[in-house]
Amino acid sequence: MRLRELLHGVEVIRQNVPESLEITGVSCDSREMEKDSVFVAIPGNRCDGGDYALEALKRGAAVVVCQGKPPENLPRGAPLILVPDARKALACLACNWYGNPAKSLKLIGVTGTNGKTTTTYLIRHILEATGEKTGLIGTVENRAGEERFPARRTTPNALEIQKILGKMVTNRCKFGVMEVSSHALLQDRTENIPFTVGVFTNLTEDHLDYHKTMEHYCDAKAKLFRHCRTAACNADDPWRQRILAGSRCPVLLYGLGEEADLRGEDIRLFSRGVEFTVRENEKRIPVQVGVPGRFSVYNTLGAMAACRLLGISAETCAQALRTFPGVKGRMEVVPTPGKPYTLLIDYAHTPDALENVLQTARGFARGRVIAVFGCGGDREKEKRPRMGQAVARLADFAVVTSDNPRTEDPEAIIRDILPGMAAAAGRYAVEPDRRKAIALAMEQGRAGDVILLCGKGHETYQEIGNETLPMDEREIVRSLL
């Protein structure tokens, strides 16, 4: 591809390279450079892409795209393109390099604190049930029809997104469903992507180490609704008005209250899932989904609202939802043959999510609710005692352990949690080793108990120091059995 084609739509301050240059690729990682490719130097909090510009040129890059001014380590006359915003430039370059695949797809973006993953899977399931091949980008995995790719973060960088969208087009997908994180929106990873539908699930405290305030966190999420043609929004969430403040697209509200266009009524909660009635104008449609918990009603309504905006009837949605198989790491039942208790794995890692899953377990447990949980390192410390409070209030017994401690001392993280556990004195144990913590919880299990392993969900690793070590809780449970 010629450089002039690659730069289409990119705002350039100045450049010293000819636009007739033939380009072989685009990357923002100097280790992945190929001869005659473009290196985009992305500024960051921990490291600056400009520090690796010279290495990229040595590895064969034909030109460096950087923000504002040349990196200090580059010699005079180095091939440069200066842009006002490197992240937006990368998003545009990625779109051009992969042929703007989004224009051939109908994309549904889902944002919110909790429920994004399950909602995307519910939407995908409904679309596939109607015979439409559908791609997926999210926390658990990325898919282009039946082709699967590993997921490294909730929303990949702009290049990865466009590459996956390109695969969806190649594999003849008509739809793509994407989890859209606040980080991705703030860092312009989804710039130049027109969403047919944007979905807002809810907003509760999370990522405040990055966003600093709930208002900034909300405003980052709200960016999605300035880039979508229609929106499905949780009518019951107190942040709804602020989320939609800058949006001019048609909005379909879902929820349990009077304002909802798609309203859930007559809710019945079971250990095997939920049943409820959807009211749409004068119609009432019975719905059954095999994912337990009151929050599943909201996730299901959000998915149905998105599909209604795509022209799929509520009756068709309800029929498809009966066969929904669930999502890995979301209230996932782990087989424990020969044991009298039930063991579940869930990704709950915020105070609100913990409260939701524990209340759900209390709703169907015939015995006690036992929780194994910790808090992530290098993340906001303020939520740690609140997570302890949620567990102290709703679990009969808890084991406080490690999640992903990262570069923090696991025992220091636990010390931050314990003030919230004061009300559970005598009803909890501390075990920093997560494998031993799971073993302790299983030893405590009696007939009718529900054991919840919280925080890791779909993850099959643990981040300790600067290492990512294998750790699959399903394998741990099997080995302990």
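User: How many of the 7 residues of strand S12 (residues 228–234) are buried?
Analyst: This is a predicted model, in which local features need pLDDT of at least 70, side-chain atom pairs count only at pLDDT 80 or more, and totals for chains, interfaces and linings use all residues. Residues are numbered from 1 along each chain as its sequence is written, and side-chain values use heavy atoms, without hydrogens and water. Strands (E, at least two residues) and helices (H or I, at least four) are DSSP runs, numbered from the N terminus; buried means under 20% relative accessible area, exposed over 50%, and partly exposed in between (1.4 Å probe, protein chains only). Strand S12 is mostly covered, the buried count being 6.

User: Which residue of S13 stands opposite Ala232?
Analyst: Two strands pair if DSSP finds at least two bridges between them. S12 and strand S13 (residues 251–255) pair in the parallel sense over 4 bridges. Opposite Ala232, S13 places Leu252.

User: In what order do the 11 strands of the open sheet follow one another?
Analyst: Strands S9 (147–150) and S16 (283–289) are the edges, each pairing on one side only. The pairing in the sheet is mixed, and the twist averages 20 degrees from one strand to the next. The order is S9-S8-S7-S10-S6-S11-S12-S13-S14-S15-S16.

User: What angle does the direction of helix H4 make with that of S10?
Analyst: Axes are lines fitted to C-alpha atoms, for helices over the stretch in contact (heavy atoms within 4.5 Å). Angles run from 0 to 180 degrees between N-to-C directions. Helix H4 (residues 116–129) packs on the sheet, touching strands that include S6 (106–111) and S10 (175–179), and its direction makes with that of S10 an angle of about 170 degrees.

User: Why does Met168 count as buried?
Analyst: Met168 belongs to helix H5 (residues 158–170). Leaving aside neighbours within four places in sequence, its contacts include Leu105, Ile137, Cys173 and Phe175. Met168 counts as buried because its relative accessibility is 1%.

User: Why do the buried residues of helix H14 (residues 410–417) lie on the same side?
Analyst: The buried residues of H14 are Ile413, Ile414 and Ile417. What covers them includes helix H13 (383–394) and strand S20 (397–400). The arc is that of the directions from the helix axis to the C-beta atoms. They lie on the same side of H14 because they cover an arc of only 100 degrees.
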